[in-house]
Amino acid sequence: MSLQVDQLHPLVLNVGLAIQNADWNWKNVSSPFSRLYYVTEGEAKIQFADGIYTLHPNHLYFIPAFTRHTYICNSRFVHYYLHIYDDHKSDEDWLELWNFPFEIPTGKWELQLFERLCEINPHMSLQKSDPSTYDNNPTLMKSLMKNRQRAFCDKVESRGIVLQLLARLFKQAKSKIETKDNRIVKAVLYIHRHIGETISLNTLVENACLSKDHFIRLFKSEMNMTPLQYINQKKIEKAQLLLITEALSVKEISFRLAFDDYSYFNRLFKKLTGMTPQEYRHIYR
């Protein structure tokens, strides 16, 4: 998957050093931002839908946005944390296009990068480790405001450090779009770039220079779903982000994503997430 460096705009929400003493135990955490952890001492565990993973010293860990997980800590555990928010108004979403490794071993440089990032951002540390105290819309907006009010030199250096850390992850990342057919790659990118518009199957077909039946068969073969299913999936994922980060009504969000039928949007959201948009907003905000 083609991605340019100037398409990466990670914003630092929070960064700091946390010292836990068997008190890092939080259930069913799911956030609109990604997390990076660098462990310096002790061990803890994180539970995902597919199992429980142990966090070890001198390793870097990555949790993408909207990944539900649970923290388990029964002893002393020391780690650096970094919360990264990606501007959802960007044309490309690198988090949507790539699968990143959860764990990678580190050398001496990663620790120095975290130390420096904390040094130049002393006011962006968390007062408490409880996600309910910072993982909410008002605090998210305050953190974004803090980010934008920093000195320009600190913004430049912080972005450089975050990109260096992300480079470690990109080295082992794999494209989510597992297709070698360039026509389908272009169709997928078109969908991402026009997710807030009504996306016509005829437009996708014309861009691919294929017959409609041929395009649908090829898309399903490459993506394991039809074009309409993929479009709906990406629109609902975008709706999940907007429900948490924007003070818009559910109806406004449905219209922003080009759903003319509000009832259909609600039914589709529940079908793909297991809950209504109102229930989703209540749980995660």
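Entry 1, aromatic rings. I count rings of Phe, Tyr and Trp (its six-membered ring) as a pair if their centres lie within 6.5 Å. The model is a predicted one. On that cut-off I looked up the cluster that holds Phe259, Tyr264, Phe265, Phe269 and Tyr280. For the whole structure, the search returned 19 aromatic pairs.

I then opened the pair of Phe48 and Phe102, which is edge-to-face, with 5.3 Å centre to centre and 80° between the planes. This pair links distant parts of the chain: Phe48 sits in strand β3 (residues 44-48) and Phe102 in the loop between β8 (98-99) and β9 (103-105), 54 residues apart. I checked accessibility next. Phe48 is at 15% and counts as buried; Phe102 is buried as well, at 19%.

Phe102 also forms an aromatic pair with Tyr61, a tilted one, at 5.2 Å centre to centre and 55° between the planes. Here too distant parts of the chain are linked, with Tyr61 in strand β5 (residues 59-63) and Phe102 in the loop between β8 and β9, 41 residues apart. Tyr61 has 0% relative accessibility and counts as buried.

I found Lys235 over the face of Phe259, at 5.8 Å from the ring centre. Lys251 lies over the face of Tyr262, at 5.2 Å from the ring centre.

Twelve residues (212-223) at 1.5 Å a residue should span 16 Å, and the end C-alpha atoms are 16 Å apart, so the two agree.

Which residues of α7 are buried? I listed Phe215, Leu218, Phe219 and Met223. They cover an arc of only 105° around the axis, so they lie on the same side of α7. An α-helix has 3.6 residues a turn, so residues three or four places apart point the same way. On the other side of α7 I noted Asp213, Arg217 and Ser221 as exposed. The buried residues of α7 pack against α5 (182-193), α6 (201-208) and α8 (227-245). After α7 comes Asn224, with a positive phi near 65°.

How many salt bridges does a search of the whole structure find? It finds six.

I looked up Glu41 with Arg76, where the closest N and O atoms are 2.7 Å apart. Glu41 is partly exposed at 36% relative accessibility, and Arg76 is partly exposed at 39%.

Next I took Arg168 with Glu110, at 2.9 Å between the closest N and O atoms. Arg168 belongs to helix α4 (residues 152-170) and Glu110 to helix α2 (residues 108-120), so the pair ties together parts 58 residues apart in sequence. Arg168 is partly exposed at 25%, whereas Glu110 counts as buried at 6%.

Last I opened the salt bridge of Arg116 with Glu119, whose closest N and O atoms are 3.2 Å apart. Both residues are in helix α2; they are three residues apart and so separated by about one helical turn. Arg116 is partly exposed at 30%, while Glu119 is exposed at 55%. I also noted that Arg116, Glu119 and Glu157 are linked in a network of salt bridges.

Technical notes: Residues are numbered from 1 along each chain as its sequence is written. This is a predicted model: local features need pLDDT of at least 70, side-chain atom pairs count only at pLDDT 80 or more; totals for chains, interfaces and linings use all residues. Side-chain values use heavy atoms; hydrogens and water are left out. Rings of Phe, Tyr and Trp (its six-membered ring) pair if their centres lie within 6.5 Å; planes under 30 degrees apart count as stacked, over 60 as edge-to-face and the rest as tilted. Helices (H or I, at least four residues) and strands (E, at least two) are DSSP runs, numbered from the N terminus. Buried means under 20% relative accessible area, exposed over 50%, partly exposed in between (1.4 Å probe, protein chains only). A charge sits over a ring if NZ of Lys or CZ of Arg is within 6 Å of the ring centre and within 35 degrees of the ring normal. The expected span of a helix is 1.5 Å times one less than its number of residues. The arc is that of the directions from the helix axis to the C-beta atoms. Contact means heavy atoms within 4.5 Å. A salt bridge is a side-chain nitrogen of Lys or Arg within 4 Å of a carboxyl oxygen of Asp or Glu.
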